[in-house]
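Dear colleague,

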Amino acid sequence: MTADLAAPVAVAAGEGGHARAPEARRAHSIAVRGLTRTYGAQVILDRIDLDVAPGELLALLGPSGSGKTTLLRLLAGLDAASSGAIHLDGEDAGRLTVQERRVGFVFQSYALFRHMTVFDNIAYGLTVRPRRLRPSRAEIASRVADLLDMMQLPGFGPRYPAQLSGGQRQRVALARALAIEPRVLLLDEPFGALDAKVRKDLRKWLRDIHDRTGLTTVFVTHDQAEAMEVADRVAILNAGRIEQIGPPGRIRERPATDFVRAFLD
Ligand SMILES: Nc1ncnc2c1ncn2[C@@H]1O[C@H](COP(=O)(O)OP(=O)(O)OP(=O)(O)O)[C@@H](O)[C@H]1O
Ligand SMILES: [Mg+2]
């Protein structure tokens with residue numbers, strides 16, 4: 001695993017070869033400033049500052065209730081901040097609709113549509129676009145086929161979610177998130193419900209997908225080993241604040257606070 005920031009992966013436009021998400025030709029940055037979320041008197045996120053570099057894979061690690069999901073929901077535009085700002089590529093995300101943000105997300109609880117085939121699940125975000133923004137049926141079919149190849153699920157389009165293993169379902173969920181040409185990818189414990197062996201395979205595979213697409217990615221996990229193995233940098237959240245952020249090796253060798261030291265033990 002690299003200890004440095006991931007170099008943005010350049011993917012040449014029009015290049016053929018291995019299946020690649022067409023959306024990943026340019027990597028995007030995330031900048032968060034003073035982001036605060038309160039529920040009543042409770043401060044859930046407390047003036048968070050965070051920069052994610054284009055093409056970087058950042059893992060968010062922290063105890064239950066520390067605000068990881070809340071932070072992802074704010075990034076996705078599924079929830080509004082109490083104060084502070086989020087910029088995507090320097091654009092104030094507060095001015096963008098959820099669709100305009102083009103954030104792909106896979107949440108543990110965000111299941112596939114059971115009554116739809118794998119193909120229709122992946123195509124969903126494209127087919128619900130207004131007509132003028134919607135790709136043609138042929139374009140959608142070709143994009144879904146590319147994504148199924150990338151997920152190592154060729155020919156799985158006609159199946160229904162009930163006919164897939166847990167790991168296959170999570171890969172379909174990831175394909176669905178990638179289909180909308182996201183600027184950034186947000187993953188909230190996407191492998192949480194899977195057994196240890198499948199998780200291990202999927203995390204390697206996630207790193208590989210990330211390196212191929214070059215998508216700026218924020219990945220929430222409870223699992224320290226997973227965070228340390230997969231991420232370019234790890235941010236440790238505690239009670240709505242970032243205690244430490246840095247490359248996995250640095251955090252392990254030089255915990256910045258007592259909390260981080262105890263948390264990593
Ligand atoms: N809609 C809500 N109303 C009130 N409090 C909320 C709401 N959503 C979340 N919270 C509180 O915000 C805090 C952070 O929740 P969050 O889901 O972000 O934690 P998390 O770090 O993702 O935890 P976990 O690892 O268990 O998923 C918790 O104390 C939670 O109870
Ligand atoms: Mg959570």
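Predicted model: local features only at pLDDT ≥ 70, side-chain atom pairs only at ≥ 80, totals over all residues.

**Ligand 1 and helix α1**

The shell around ligand 1 consists of Tyr-39, Ile-44, Gly-62, Ser-64, Gly-65, Ser-66, Gly-67, Lys-68, Thr-69, Thr-70 and His-222. Sorted by class, this shell has two nonpolar, eight polar and one charged residues. The most is given by α1, which supplies three residues to the shell.

Helix α1 itself covers residues 68-76, and eight of its nine residues are buried, so the helix is largely enclosed by the rest of the structure. The buried residues of α1 are Lys-68, Thr-69, Thr-70, Leu-71, Leu-72, Leu-74, Leu-75 and Ala-76. Just after this helix comes Gly-77, with a positive phi of about 85°.

Two helix pairs deserve a description. In general, a pair of packed helices is described by the angle between the axes and by the distance between them.

On the α3 side the contact is made by Phe-119, Ile-122, Ala-123, Leu-126 and Thr-127, and on the α4 side by Ile-140, Val-144 and Leu-147. These contact residues divide into seven nonpolar, one polar and no charged.

Which residues of α3 are buried? They are Val-118, Asn-121, Ile-122 and Ala-123. The cover over the buried residues of α3 includes α4 and α5.

In the second pair, the axes of helix α4 (residues 137-150) and helix α5 (residues 166-179) come within 10 Å and cross at roughly 135°. That angle makes α4 oblique to α5. The crossing of α4 past α5 is right-handed. Here Arg-143, Val-144, Leu-147 and Leu-148 of α4 meet Ala-175, Leu-178 and Ala-179 of α5. By class, the residues of this contact are six nonpolar, no polar and one charged. Val-144 and Leu-147 of α4 take part in the contact with α3 and also in the contact with α5.

As background, most residues other than glycine have a negative phi. Two residues in this model may be considered against that rule.

Glu-189 has a phi near 45°, which is positive in a residue other than glycine. Its place is the loop between β7 (184-188) and α6 (196-213). Is Glu-189 buried or exposed? A residue counts as buried if 20 or more other C-beta atoms lie within 10 Å of its own; Glu-189 has 20 and is therefore buried.

Ala-239 is not a glycine either, yet its phi is positive, at about 50°. This residue lies in the loop between β9 (233-238) and β10 (241-246). With 15 other C-beta atoms within 10 Å, Ala-239 is partly exposed.

With kind regards

Methods:
Residues numbered from 1 in each chain as written. Chains lettered and ligands numbered in written order. Axes fitted to C-alpha atoms, helices over the stretch in contact; angles between N-to-C directions. Helix = DSSP H or I, 4+ residues; strand = E, 2+ residues; numbered from the N terminus. Parallel < 35°, antiparallel > 145°, perpendicular 65-115°, else oblique. Left-handed = near helix turned anticlockwise from the far one by under 90°. Contact = placed C-beta atoms within 7 Å. Nonpolar A, V, L, I, M, F, W, Y, C, P; charged D, E, K, R; others polar. Buried ≥ 20, exposed ≤ 12 C-beta atoms within 10 Å, placed from the backbone. Near = placed C-beta within 6 Å.
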